[in-house]
Amino acid sequence: MELLGQTLTKQALVSDVGQEVVGLILGYARTWRLLLDYDEGELGIPAGARPARGVLNFEEARRALDALAGELRERGEASELFARDRGDGLCVHPGQPGTEHVRGAAL
């Protein structure tokens, strides 16, 4: 898909509007792939990623997500669905200290 977009653009086979459409489609395809990889538990570590400096507990992660969601909603870049809990998604290790109150977590 990306190769096709580059070829069409470099060979001037599409108008300015066509180039924007190709860019939109490529961006959508990348986003779709990321979401699919996430849903299937196959999201890899991006090239150039640095090791984590620590691990957030549930409350810290929830506060960070709430803050990000608030900022994005203020700018009109996220809906009310953004950063909503999906089951025990933030509880990587149920039973971990700080996750006792989470629905479905093993105690």
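**Legends to close-up views**

**View 1. Overall fold of the predicted model.** The protein has three helices and zero strands (DSSP runs, H or I of at least four residues for helices, E of at least two for strands, numbered from the N terminus). From the N terminus, the order of elements is α-α-α. Of the 107 residues, 16% are buried (under 20% relative accessible area; exposed is over 50%, partly exposed in between; 1.4 Å probe, protein chains only). Residues are numbered from 1 along each chain as its sequence is written, and side-chain values use heavy atoms, without hydrogens and water. In this predicted model, local features need pLDDT of at least 70 and side-chain atom pairs pLDDT 80 or more, while totals for chains, interfaces and linings use all residues.

**View 2. Aromatic pair Y28 and W32.** One aromatic pair is found in the whole structure (ring centres of Phe, Tyr and Trp, the last by its six-membered ring, within 6.5 Å; planes under 30 degrees apart are stacked, over 60 edge-to-face, the rest tilted). The pair consists of Y28 and W32 and is stacked, at 6.4 Å centre to centre with 20° between the planes. Both residues belong to helix α2, four residues apart, or about one turn of the helix. Y28 and W32 are both exposed.

View 3. V21 counts as partly exposed because its relative accessibility is 41%.
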